[in-house]
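Hello,

Here is the structure I am handing over to you. My notes on what was found in it follow below.

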Amino acid sequence: MIKKSHIKIITYKNTHKKHTLRLIATKPKNSYIRPMIEINSKERKLLEKAAHDIQPVVIVGGAGVTDGVIQMVETSLAAHELIKIKYNEYKDEKIELTDEICQKCDATLVRIIGNVAILFRQAEKEEDRKYL
């Protein structure tokens with residue numbers, strides 16, 4: 001989650017001579033941000049298409065995001081690269097919880113559709129890669 005103290009505001013004039021504000025998230029001191037791969041819109045569509053027939057393998061219930069859920073996501077991503085997470089509880093906080101899972105598991109969020117999040121983490125070995 002980005003805190004207010006980690007945002008830098010830049011004001012500049014654009015080509016239409018109007019002032020534009022740009023908010024830039026800065027890295028807080030003494031922290032480590034894991035490098036998640038960046039996917040473009042074409043790759044995102046390809047991953048969404050591939051995830052269409054996949055059933056959710058991880059379900060977040062009443063206990064929330066526990067160490068067991070994180071471990072299940074880790075093993076599922078290692079085996080499949082592309083997984084779905086279903087939220088039965090904490091539906092209002094699914095964006096924050098998905099972001100937390102992505103940071104802990106070094107995964108990339110493809111999309112959240114309803115109460116289901118699609119996560120992707122590319123396999124380390126090239127011969128094991130199925131999607132990108």
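From the N terminus on, the elements run β-β-α-β-α-β-α-β-β, which gives the chain 3 helices and 6 strands. Helices (H or I, at least four residues) and strands (E, at least two) are DSSP runs, numbered from the N terminus. The model is a predicted one, in which local features need pLDDT of at least 70 and side-chain atom pairs count only at pLDDT 80 or more, while totals for chains, interfaces and linings use all residues. Residues are numbered from 1 along each chain as its sequence is written, and side-chain values use heavy atoms, with hydrogens and water left out.

The chain as a whole

Of its 132 residues, 27% count as buried (buried is under 20% relative accessible area, exposed over 50%, partly exposed in between, with a 1.4 Å probe and protein chains only). Among contacts with a separation of 6 or more, 59% come from residues 24 or more positions apart; contact means heavy atoms within 4.5 Å.

The sheet

An open sheet is formed by 4 strands in the order β3-β4-β6-β5, with mixed pairing; two strands pair if DSSP finds at least two bridges between them. Its edge strands are β3 (58-60) and β5 (108-113), each pairing on one side only. On average, neighbouring strands of the sheet are turned by 25° against each other, direction ignored. Axes here are lines fitted to C-alpha atoms, for helices over the stretch in contact, and angles run from 0 to 180 degrees between N-to-C directions.

β3 runs parallel to β4 (residues 82-87), and 3 bridges join them. In this pair Val-60 stands opposite Tyr-87. β5 and β6 are antiparallel, with 5 bridges, and there Arg-111 stands opposite Ile-118 of β6. The hairpin of β5 and β6 has 2 residues between the strands, and its Gly-114 takes a positive phi near 65°.

Helices on the sheet

Helix α1 (residues 41-51) lies across β4, β5 and β6 (116-120), and runs at about 60° to β5. Helix α3 (residues 94-105) also packs on the sheet, touching β4, β5 and β6, and its direction makes about 160° with that of β5.

Helix α2

How far apart are the end C-alpha atoms of helix α2 (residues 67-80)? They are 20 Å apart, in agreement with the 20 Å that its 14 residues should span at 1.5 Å a residue; the expected span is 1.5 Å times one less than the number of residues. Val-69, Ile-70, Val-73, Ser-76 and Leu-77 are the buried residues of α2. Seen down the axis, they fall within an arc of 130°, so they line one face of the helix; the arc is that of the directions from the helix axis to the C-beta atoms. Their cover includes β3, β4, α3 and β6. On the face turned away from the buried side, α2 carries the exposed residues Asp-67 and Ala-78.

Positive phi values

Most residues other than glycine have a negative phi. Just after α2, Glu-81 takes a positive phi of about 70°. Tyr-90, in the loop between β4 and α3, has a positive phi of about 55° although it is not a glycine. At 35% relative accessibility, Tyr-90 counts as partly exposed. Asp-106 is found in the loop between α3 and β5, and its phi is near 60°. Asp-106 is likewise partly exposed, at 29% relative accessibility.

Regards
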